[in-house]
Amino acid sequence: MKEIILCKYGEIALKGLNKSTFESVLVKNVKRRLKRFGRFDYFRSQSTLYISPLDDDIDMDEILEQVGHIFGIVKMCKAIELDKSLDAILNDTTDYLSDALEDAKTFKVEAKRADKSFPYKSPEICTELGHTILEAFPHLSVDVHNPDVVVTVEIREKNAFVNAMKFDGAGGLPVGTSGRGLLLLSGGIDSPVAGYMMAKRGVQIQAIHFEAPPYTSERARLKVERLAEEISLYCGDIAFHCVPFTDIQVAIKENCPEELFTIIMRRLMMEIAQRICEKEQLTCLITGESMGQVASQTMGAMVCTDAACHMPVFRPCIGLDKSEIVEIARKIDTFDTSILPYEDCCTVFTPKHPKTKPSLAEVESGQAQFDFEPMLAQAVENTTFKLIRCGEQNVNI
């Protein structure tokens, strides 16, 4: 009897002729995530990834937790791998599932017989195993409609597998199957959620952050690095770019109309981010903007911001209200870090009365009052880089 982990696919199963490509990326992501925990054997069959440990000292509960953060998997469970015989199934199942069945009141048995040469049909397997479970756990009763525990037996080509306690996976598509993008990561609640949501759709994420010392502190930057670490549990390794932005913000304050400060700042951030994208061969920008949340996130303001862009800008939070974004932030454990009181550069030189319905002509005119090009080039040149590795939390704030 050997314990393994079964991972069930979601959308990957619907990819037709491209299914194997998505499966290969998923397996690579799982291997990369589990490498530091020991050695494993992996194989795929019928929209299921089987993860079998090759070392005896591996903590399978920890492995299950790690797998739960990997996009592309919708259900997962621990299971036992048995000899493909009815005797082995009947003799070993009750001991293995004792924890799940002791606290339950009802159960049912399901059988999936991929190997049609197995001498017992699915209903016979269900009947025999159900009888064995009732003898071992007399407090249980059978409920085929709404059981507390579903015991599943899978008869495969070489072995049989039995499992009971299934858990939800992260869902979505494997990271790396939908291109590569650059996330504008601030210290707020929204942008980490945006990165998580795009990674869930298969986008490989890099992150860019703008700092403005002495107006922002080192702790503000460390806070954002911590956020990158936290979403890396879902997104995988994240290349983190930190841009010195102080001189540009001072130039905006001294040369541009106050009511347009924030929009011009956003446009210049987009200019810098696009240049980083070109260097890193990324194809889109990602922001945490939500329609109407603040003055720079009105439709008119975003139109003016996007006019400075020559690549797509994805805003996965655009139709969510704040409570919905907070709910996701709590789910992915970024909320507590996001509300730490270290403000980012977006709060520097905030106008008292920002314009909510600007025209593109007046924004471009306001920005043209100063030649920002040398500063933009210098900011890109002085941008620092750090690789945030998945699962390695080293940032102390």
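This is a predicted model: local features need pLDDT of at least 70, side-chain atom pairs count only at pLDDT 80 or more; totals for chains, interfaces and linings use all residues.
1. Residues are numbered from 1 along each chain as its sequence is written, and side-chain values use heavy atoms, with hydrogens and water left out.

2. The second largest pocket has a volume of about 390 Å³, and of the 16 residues that line this pocket, the closest to its centre are R32, R33, G236, D237 and C390. A pocket here is an open set of points, on a 1 Å grid over the protein atoms alone, where a 1.4 Å probe fits, with protein on both sides within 12 Å along at least five of seven lines, and lining residues have an atom within 4 Å of a point. A volume is the space filled by probe spheres set on the points, which are joined across faces, edges and corners.

3. The lining of this second largest pocket divides into 6 nonpolar, 3 polar and 7 charged residues. Helix α1 (19-34) and helix α7 (218-235) each supply at least two of the lining residues, and α1 gives the most, with 3 residues. Helices (H or I, at least four residues) and strands (E, at least two) are DSSP runs, numbered from the N terminus.

4. The largest pocket has a volume of about 790 Å³, and of its 37 lining residues, S186, V294, Q297, D344 and C346 are the closest to its centre. Its lining holds 16 nonpolar, 14 polar and 7 charged residues, and the largest share, 4 residues, comes from α9.

5. Turning to the strands, an open sheet of 8 strands has the order β2-β3-β1-β4-β8-β7-β5-β6, with mixed pairing; its edge strands, β2 (40-45) and β6 (141-142), each pair on one side only. Two strands pair if DSSP finds at least two bridges between them. Strands β5 (106-113) and β7 (149-155) run parallel and are joined by 7 bridges, and R113 stands opposite I155 in β7.

6. Helix α3 (86-96) lies across β1, β4, β7 and β8, running at about 120 degrees to β4. Such angles run from 0 to 180 degrees between N-to-C directions, with axes fitted to C-alpha atoms, for helices over the stretch in contact, where contact means heavy atoms within 4.5 Å.

Note on methods
Ala, Val, Leu, Ile, Met, Phe, Trp, Tyr, Cys and Pro count as nonpolar, Asp, Glu, Lys and Arg as charged, and the others, Gly among them, as polar.
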